Amino acid sequence: MRHFTSILQLGDIREAVRKAMYVKAHPFDDQSLGRNKTLLMLFFNSSLRTRLSTQKAAMNLGMNVMVLGVNQGAWKLETERGVVMDGDKPEHLLEAIPVMGCYCDVIGVRSFARFENKEDDYGEKILEQFIRYSGKPVFSMEAATRHPLQTFADIITIEEYRKKDRPKVVMTWAPHPKALPQAVPNSFAEGMQMTDYEFVITHPHGYELDPSFVGTARVEYDQDKALEGADFVYAKNWAAYEGENYGKVLSMDRSWTVDSRKMALTDNAYFMHCLPVRRNMIVSDEVIESPQSIVIPEAANRVVSAQTVLKEILESL
Ligand code: AN0
Ligand code: CP
């Protein structure tokens, strides 16, 4: 595997989880694989988990790591071609990308949807330019439409905690004061298509996701009904996708907040969220602090997911 931008690139998901479990049990087996290899992690947006877990994964593989926050000391980057650069951006992405490619062996990029232009976001305009012009393997640390390292960690976590062969997994929209990308829910839905779980998506009308990610998943607009008998509740906010409403917050209805009453409808489900999470908007204090909340082991598995992916990329060099 050279580039990693979608969970689908892992191929057989059971096999990928098996490899991840091996990495988890033997984190230092491949210390020589990354020797004298440099990872550059580039962040256009904030991060806690992705930044730390990916750096830890690379260190476990013996790599050197450089981290650059574009908004923390680098030149502001122009991303549009043809612009007369007389504004506040002194450097163009078209020079910055190949230059960065000269200094490393692998590049991780975080670049969220900007909600300015749906075609640019859903065409993964920024990530694709890194793939095209850096000359190096590129992996997504959450791009405009997907967050595959998160999804892989989520699936590893479900595999660790599931008590049934075919658990019922419910992804529920929950309220949030600011517009958030669809990358996490898109990617999670994409990952669920690789499993044989029963997968249900629930959200208010107007929050329909791109049908190519939803696939054959059941969409249930009644959250209570969707949660009935669930084994895993995966909460996430996202902004509207459809038409004129692209990138807009249409509802902050707190009756969608995952609280104890909602969890009581499930089959003693585990609660999951990628984090960061706004308490008492997305989830009540009580639920996130309950023994059924597995958000911390889920975050811990981000190291495992990143290390498994980085290992495959290093093996392809
Ligand atoms: C981001 C999002 O929803 O895509 C990152 C989640 C991993 N969340 C926020 O910006 C709060
Ligand atoms: N879940 C996740 O990707 O978190 P960060 O935004 O903190 O990296």
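1. Strand E10 (residues 232-236) pairs with E11 in the parallel sense, over three bridges. Strands are DSSP runs (E, at least two residues), numbered from the N terminus; two strands pair if DSSP finds at least two bridges between them. In this pairing, Phe-232 stands opposite Tyr-270 of E11.

2. This is a predicted model: local features need pLDDT of at least 70, side-chain atom pairs count only at pLDDT 80 or more, and totals for chains, interfaces and linings use all residues. Residues are numbered from 1 along each chain as written, chains are lettered from A and ligands numbered from 1 in the order written, and side-chain values use heavy atoms, without hydrogens and water.

3. The open sheet has five strands, ordered E9-E8-E7-E10-E11, with parallel pairing. Its edges are E9 (218-219) and E11 (270-272), each of which pairs on one side only.

4. Ligand 2 is surrounded by Ser-47, Leu-48, Arg-49, Thr-50, Arg-110, His-147, Gln-150, Cys-274, Leu-275 and Arg-302. Near here means a heavy atom within 4 Å. By class, this shell has three nonpolar, four polar and three charged residues.

5. For Gln-150, a polar side-chain atom lies 3.0 Å from a nitrogen atom. Cys-274 brings a polar backbone atom, 2.9 Å from a nitrogen atom of the ligand. Taken alone, ligand 2 exposes 250 Å², and the protein buries 93% of that (Shrake-Rupley method, 1.4 Å probe).

Conventions: A polar contact is a pair of N or O atoms within 3.5 Å; within protein, one must be able to donate a hydrogen and the other to accept it, and residues adjacent in sequence count only if both atoms are side-chain atoms. Ala, Val, Leu, Ile, Met, Phe, Trp, Tyr, Cys and Pro count as nonpolar, Asp, Glu, Lys and Arg as charged, and the others, Gly among them, as polar. Helices (H or I, at least four residues) and strands (E, at least two) are DSSP runs, numbered from the N terminus.
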